[in-house]
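My notes follow the structure.

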Amino acid sequence: MPAFGGAARPRHGAGWTVAALTVAGVLLLPSLTVLWSLTAPPSENWAHLGSTVLPGYILNTLKLMALVAIMTAVIGVGTAWLTVTSIFPGRAILSWALVLPLAAPGYIVAYVYTDLLSFAGPVQSALRGVTGWHTGDYYFPPVRSLPGAAIMLSLVLYPYVYLLARAAFQRQSAALFDAARNLGARPWRAFLRVALPCARPAIAGGLALVLMETISDFGVVDYFAVQTLTTGIFRTWFSLGDPVSAAQIAAWLFIFAIALVFIEMASRRGRIANPLARDMPSQPRSLAGIAAAGALFACTLPVLLGFVVPATVLLRYAIIEGDPLLGRNFLDFAWNSLTVAAIAAVIATGLALLLAYGERLHPTRFNRISIRLATLGYALPGAMIAIGILTLSTDIDRLFADMLSDGLGMSPGLLLTGSVAGLVFAYVARFLTAAYNAAHSGLEKIHPTLDAAARSLGAGPRRVLAAIHVPLLRGALASAALIVFIDVMKELPATLLLRPFNFETLATRTYRLASDERLAEASTAALAIVALGVIPTILLSLSISRGAIREALAPPNTEK
């Protein structure tokens with residue numbers, strides 16, 4: 001088959017590979033710009049920051065990461081183990097409902113619980129009414145604190161650990177666990193010594209995703225006045241007016257993110273930890289009495305606190321009061337959000353398909369590394385990407401202004417800085433990872449013999465992609481676009497830094513009102529974000545019950 005020979009393949013697929021590498025290079029520019037800021041001479045502000053607040057930023061970020069990792073691991077692993085290995089009332093519903101908190105952004109949950117648990121809130125007011133206590137008679141843990149921020153983030157991020165841990169436990173064979181039980185090990189010890197180590201790679205991967213989201217969070221830590229690296233970027237940029245020092249703080253975030261990427265990659269080593277997994281799946285055992293009640297309570301509490309309570313409070317506020325601009329102005333906010341989210345979703349999905357197909361045509365080590373670097377966006381905080389784009393667009397605008405001024409005597413002003421194009425670029429660079437993973441996973445399931453058959457009939461790479469791959473990838477690409485769309489709707493730090501003047505989205509509207517302690521007015525925009533997030537979350541939850549998540553997380557078939 002000469003058309004599919006070794007000489008023909010590079011000739012026909014070289015254009016796709018070049019295009020994929022070009023896209024990868026462009027997407028790397030914001031991160032490289034931030035890293036380049038480290039070569040700039042330190043300013044007086046940087047010396048002041050280094051001797052005063054920067055160590056605190058780093059320490060608080062590490063503390064927050066540690067607390068969130070512990071809490072999400074306990075909630076995610078515990079609920080996953082219970083829903084896989086035990087039968088108790090409500091298990092069928094809770095097995096997918098435990099994913100619902102993913103639909104609620106952390107900053108929205110933080111706004112709700114601050115209002116509920118503050119001194120003037122309904123919880124403390126009811127406590128004083130029942131006990132007769134007054135100010136100073138009792139101690140109530142402050143919500144707006146570093147532990148409080150960790151709890152808020154854990155309530156919405158634990159599903160990452162739950163999803164991967166549940167899939168790992170489902171793949172495990174009952175033979176190993178039963179062998180430990182036959183040797184006299186109690187269920188708790190068998191879990192710690194056998195089941196948990198076998199699921200370690202999946203759990204570590206889930207925790208890596210959780211920590212990536214933690215270091216990139218701005219809404220929760222800013223509202224709770226917790227000084228982390230992310231809040232340090234905003235304060236340095238807006239309060240001190242020092243973009244160079246802000247970029248250098250962002251470089252520290254980049255170091256954290258890269259470390260987490262390496263942890264996630266290391267966690268995948270030896271992920272086929274249970275070779276008997278497909279031979280005899282684990283059979284759940286029925287619980288009764290106190291054990292069943294305890295399992296029901298343990299699995300219901302995260303859903304209640306992470307989704308039901310925030311959604312109920314927001315719905316109540318939206319009905320009673322709601323956004324005073326509900327009408328044409330509010331529709332403008334919603335339209336802005338929907339427009340940029342839809343544009344970013346379409347572009348990200350198209351670029352993801354280009355990258356995945358370019359790697360399929362030429363799966364060289366260089367191509368894989370380049371594409372891997374280009375899809376690091378999800379691991380990079382939105383604030384860091386925004387800083388890189390702001391710096392880059394400012395330099396480009398300055399270059400164009402100098403050229404037009406010297407050549408034509410024109411003063412064009414800012415062309416890229418503060419534009420919708422820069423905002424969409426940030427979204428694509430940030431969330432391309434989700435779209436790429438879906439496209440890459442879908443292409444791996446298409447056997448290369450289909451490509452070979454089409455190429456032997458004279459079809460080029462473009463026709464093979466259009467006639468064979470795209471029809472087979474419709475479901476995966478639609479899911480990728482939907483995930484990117486919802487992620488963009490929730491994104492806050494990049495939107496705050498890059499949005500054009502007087503350009504409001506649902507996320508920024510919620511942030512601005514809630515920051516002014518106007519939660520009832522912010523409830524309408526917040527509820528809209530949560531409602532849109534429920535759609536893909538439910539689809540993802542239902543896929544668990546059908547076992548699709550196990551197939552998606554299974555080791556790819558490397559036979560060619």
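**Entry 1: a helix pair**

I looked up helix H14 (residues 328–361) and helix H20 (residues 474–490), whose axes come within 8 Å and cross at roughly 140°. H14 is therefore oblique to H20, as the angle is neither under 35 degrees (roughly parallel), nor over 145 (roughly antiparallel), nor 65 to 115 (roughly perpendicular). The crossing of H14 and H20 is right-handed.

The model is predicted; local features need pLDDT of at least 70 and side-chain atom pairs pLDDT 80 or more, while totals for chains, interfaces and linings use all residues. Residues are numbered from 1 along each chain as its sequence is written, and side-chain values use heavy atoms, without hydrogens and water.

I then listed the contacts (heavy atoms within 4.5 Å). On the H14 side I noted Ser337, Ala341, Ala345 and Leu353 among them, and on the H20 side residues including Leu477, Val484, Phe485 and Met489.

**Entry 2: Glu504**

Where is Glu504 found? I located Glu504 in the loop between helix H21 (493–498) and helix H22 (506–515). Glu504 counts as buried because its relative accessibility is 10%, buried being under 20%.

I found a polar contact (N or O atoms within 3.5 Å, one able to donate a hydrogen and the other to accept it) of 3.3 Å between the side chains of Glu504 and Arg499. Another, of 3.2 Å, joins the side chains of Glu504 and Arg512. Leaving out residues up to four places away in sequence, I noted that Glu504 also touches Asp332, Phe333, Asn336 and Arg509, among others.

Key. Axes are lines fitted to C-alpha atoms, for helices over the stretch in contact, and angles run from 0 to 180 degrees between N-to-C directions. Helices (H or I, at least four residues) and strands (E, at least two) are DSSP runs, numbered from the N terminus. A crossing is left-handed if the near helix is turned anticlockwise from the far one by less than a right angle, and right-handed if clockwise. Buried means under 20% relative accessible area, exposed over 50%, partly exposed in between (1.4 Å probe, protein chains only).
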